[in-house]
Amino acid sequence: MRAGLTVTGLTKRFGDLTALDDLSFDVAPGEVFGFVGSNGAGKSTTMRIILGVLAADTGSVGFGERDIDSDVRRRIGYMPEERGLYPKMKVGEQLVYLARLHGLSPSDASTRMRYWTERLGVDARVGDNVADLSLGNQQRVQLAAALVFDPDLLVLDEPFSGLDPVAVDVMSDVIVEKAADGVPVLFSSHQLELVQRLCHRVGIIAKGRMQALGAVDDLRARDGVRLRVASTAPAGWADGLPGVVRAEYGETTTVYVDDTVDDQQVLRAALAHGPVHTFASEKPDLTELFREVVTAA
Ligand SMILES: Nc1ncnc2c1ncn2[C@@H]1O[C@H](COP(=O)(O)OP(=O)(O)OP(=O)(O)O)[C@@H](O)[C@H]1O
C-alpha cells in the first residue's frame with residue numbers, strides 16, 4: 001500500500017531570518033500537491049528538509065506511519081533546484097549508476113534508464129556528457145534521475161522552469177501518471193496555470209508560513225466570487241443589493257458578492273436600467289488568488 005507525506009510544524013532559522021515558521025501540510029498517496037510562493041518564501045528549504053539535506057530547528061516529517069528516515073529517503077525521487085547531475089558523466093551511465101545506488105539490479109537499471117530517456121525524449125543523448133546537453137535537456141535527464149528507480153514519493157523543485165512546451169506536456173503527463181499510480185507528488189512552481197491544472201491541492205506559502213491550503217476550486221470559491229455584468233446601467237446600480245460586497249463600475253461592471261447573493265436579483269437590478277449584454281459568474285484564478293494571499297501576508 002502506498003503511503004503519504006506529512007509535514008508538521010517545521011521551523012527553520014538562518015541566523016536572524018526565519019525561513020520557515022511552523023509550516024504544516026500533507027500529501028496523500030496519489031495526490032498532486034502544488035507548492036507555490038514568492039521567491040524566498042521557503043519552498044526549497046522545506047523540500048531540502050524533507051530530503052534530509054537540511055535539518056529543521058523544530059517540527060517533523062513523516063511518511064506513512066513512521067518518521068522519515070534514510071531508508072525512506074532513498075525511495076524519494078528528488079529534483080533539486082540546484083540541479084545535481086555530474087556534468088562530465090554520460091547521461092546513460094549516470095542514470096544506471098543512480099538506479100544501482102537505489103538498489104536496482106544492473107539489468108533493471110538499464111531497462112529503466114532506457115524507458116525514461118525514451119519517454120522524456122533524451123534517448124538519443126544517452127552517450128553524451130550531461131554538460132553537452134542544452135539546459136532543457138539536462139532538466140529532462142534530471143527528471144529521469146528522479147524517476148529511474150520507481151520512487152515511492154516525488155519531490156520536484158520547480159520541475160517546469162526552462163522547459164519548452166513539449167517538455168512541459170511530457171512532464172505534466174508523468175506527474176499525473178505517477179500520482180495515478182498512488183505516488184504522492186509534491187512540486188513547486190511559479191507557473192500557476194500549470195499548478196491550477198495539475199494539482200489536487202495547493203499550498204500558498206509566504207514568509208515561511210502556509211497562508212492558504214486546499215483544493216484549487218475551493219480556494220477560488222472561498223473569496224472573491226464576482227459577477228461580470230455588461231450593461232448600460234449607471235454607476236451605483238448594484239450598491240446595497242443583498243450579498244453584494246462591492247462593485248467596480250466601468251464598461252463592464254464587476255460585482256463582488258458573498259455566498260448569500262441571489263444572482264437573479266442582481267440581474268434584475270441591472271435589467272431595470274436597460275439591456276444587459278453579458279452576465280457571467282467568475283471565480284478568481286490561482287494567479288489572482290496568489291497575489292491576494294501574498295500581498296496580505
Ligand atoms: N543556506 C542558507 N543560508 C541562509 N539563508 C538561506 C539559506 N537557504 C535559504 N535561505 C533563505 O531562506 C529563505 C527561503 O529560501 P528558499 O530557497 O526556501 O525559498 P523558495 O521559496 O524556494 O524561493 P524561490 O522561489 O526563489 O526558489 C530565503 O530568504 C533564503 O534567502
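## Overall make-up

The protein contains ten helices and 14 strands, where helices (H or I, at least four residues) and strands (E, at least two) are DSSP runs, numbered from the N terminus. This is a predicted model, in which local features need pLDDT of at least 70 and side-chain atom pairs count only at pLDDT 80 or more, while totals for chains, interfaces and linings use all residues. Residues are numbered from 1 along each chain as its sequence is written. The mean pLDDT of the protein is 92, and 99% of its residues reach 70 or more; pLDDT is the predictor's confidence in each residue, from 0 to 100. For the complex, the predictor gives an ipTM of 0.96 and a pTM of 0.86.

Along the principal axes, the C-alpha atoms of the protein fill a box of roughly 75 × 45 × 40 Å. Of the 297 residues in the protein, 38% are buried. A residue is buried if 20 or more other C-beta atoms lie within 10 Å of its own, exposed if 12 or fewer, and partly exposed in between, with C-beta atoms placed from the backbone. Among the contacts in the protein with a separation of 6 or more, 69% join residues 24 or more positions apart. Two residues are in contact if their C-beta atoms, placed from the backbone, lie within 7 Å.

## Two domains

The protein is divided into domain 1 (5-220) and domain 2 (223-296), with bounds that come from an automatic or database domain assignment. Taken over C-alpha atoms, the centres of domain 1 and domain 2 are separated by 40 Å.

Twelve residues of domain 1 are in contact with nine residues of domain 2. On the side of domain 1 that touches domain 2, at least two residues each come from α7 (192-198), β9 (201-206), β10 (209-215) and α8 (216-222). That side of domain 1 has eight nonpolar, three polar and one charged residues. In this classification Ala, Val, Leu, Ile, Met, Phe, Trp, Tyr, Cys and Pro count as nonpolar, Asp, Glu, Lys and Arg as charged, and the others, Gly among them, as polar.

Strand β9 is mostly covered, with five of its six residues buried. β9 pairs with strand β3 (residues 32-37) in the parallel sense over five bridges; two strands pair if DSSP finds at least two bridges between them. V36 has I204 in β9 as its bridge partner. β9 also pairs with β10, in the antiparallel sense over six bridges, and the bridge partner of G203 in β10 is L213. The hairpin formed by β9 and β10 has two residues between the strands, and K207 in the turn has a positive phi of about 50°.

In a regular strand the side chains alternate between the two faces of the sheet. Strand β6 (residues 76-79) is covered on both faces, with I76 and Y78 buried on one side and G77 and M79 buried on the other. β6 and strand β7 (residues 153-157) pair in the parallel sense over four bridges, and Y78 stands opposite V155 in β7.

## Helix α3

The buried residues of helix α3 (residues 91-101) are V91, G92, Q94, L95, V96, L98 and A99. They pack against α4 (106-119) and α5 (135-147). After α3 comes G103, whose phi is positive, near 100°.

## Two single residues

V294 lies in helix α10 (residues 286-296) and counts as partly exposed because it has 18 C-beta neighbours inside 10 Å. Not counting residues up to four places away in sequence, V294 touches S38 and A206. V294 and G103 are 191 residues apart in sequence, and 42 Å apart in space, C-alpha to C-alpha.

G64 lies in the loop between β4 (58-63) and β5 (66-67). G64 has 15 C-beta neighbours inside 10 Å and so counts as partly exposed. Leaving out residues up to four places away in sequence, G64 touches A3 and G4. The C-alpha atoms of G64 and V293 are separated by 31 Å, and the two residues are 229 residues apart along the chain.
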